[in-house]
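Subject: Handing over a structure

Hello,

Here is the structure I promised to pass on. Please have a look at it first, and then read my notes below.

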Amino acid sequence: MIFQKNGKSYTVCTVGAPVLREIAAPVAVIDDSVRQLASEMIGAMHYFNGIGLAAPQYGKSLRLVVIDVPGGNESGSPGEAMLLPRMPLTLINPEIVFASGDCDEKDEGCLSVPGLYAPVCRPSRVVLRSQLLDGEFIEIECGGLLGRCIQHELDHLDGKLFIDRLSPKNAREVRGDVDRLTRIGQTKNFRRNK
Ligand code: ZN
């Protein structure tokens with residue numbers, strides 16, 4: 001069944017889809033097609049109740065990410081103060097130019113790995129360098145859920161999924177679920193439609 005909102009259906013690629021394993025290409029120029037893609041991806045992210053979506057998850061191997069991170073539990077980083085009021089936000093050719101050396105472990109999930117949640121260890125703070133949809137360049141330190149979301153989404157641009165970052169023990173525990181999701185995805189061409 002295809003669910004529609006405003007006459008529109010949304011599709012997200014799921015684990016097993018080759019596009020999720022590619023190194024995405026930089027966005028060359030921010031034109032109408034890029035703005036249209038960002039707007040559709042924000043629609044899909046909201047419709048699937050995600051807080052972030054990377055273009056490869058939408059079937060486009062491009063270095064573009066949309067995020068809509070909720071406020072209310074900030075870590076006090078300057079990036080949260082600057083960016084949370086501007087959600088939803090589109091990041092063009094985003095990069096992490098610095099990561100703190102610590103390990104902060106929290107559960108993560110992913111629209112491309114439906115229904116699976118597992119703890120992932122990541123630096124608690126990163127410095128994000130990115131262009132925004134209006135052409136503005138930013139470089140700012142991001143922590144808390146925003147910092148984690150940015151790291152998760154940027155991984156997608158390099159063909160990485162959060163299930164690649166689990167401890168050996170957790171990876172063993174979810175292996176059966178990942179195999180099952182991959183098999184289910186195969187019959188649906190690795191796509192979830194809504
Ligand atoms: Zn994801």
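A word on terms to begin: a residue is called buried under 20% relative accessible area, exposed over 50% and partly exposed in between, with a 1.4 Å probe and protein chains only. Please keep in mind that this is a predicted model, where local features need pLDDT of at least 70, side-chain atom pairs count only at pLDDT 80 or more, and totals for chains, interfaces and linings use all residues. Residues are numbered from 1 along each chain as its sequence is written, and side-chain values use heavy atoms, leaving out hydrogens and water.

Now the cysteines. There is 1 disulfide in the structure, meaning a pair of cysteine sulfur atoms within 2.5 Å. Cys-103 and Cys-121 form it, with 1.5 Å between their sulfur atoms. Cys-103 sits in the loop between strand 4 (89–99) and strand 5 (104–110), and Cys-121 in strand 6 (residues 113–122), so the link ties together parts 18 residues apart in sequence. (Helices, H or I of at least four residues, and strands, E of at least two, are DSSP runs numbered from the N terminus.) Cys-121 is partly exposed at 34%.

What about Cys-13? Its sulfur is 11 Å from the closest cysteine sulfur, in Cys-110, which is too far for a bond. Cys-13 is buried at 2% relative accessibility, and Cys-110 is buried at 10%.

The backbone has something to show too. Met-87 and Pro-88 are joined by a cis peptide bond, with omega about -5 degrees.

Happy exploring!
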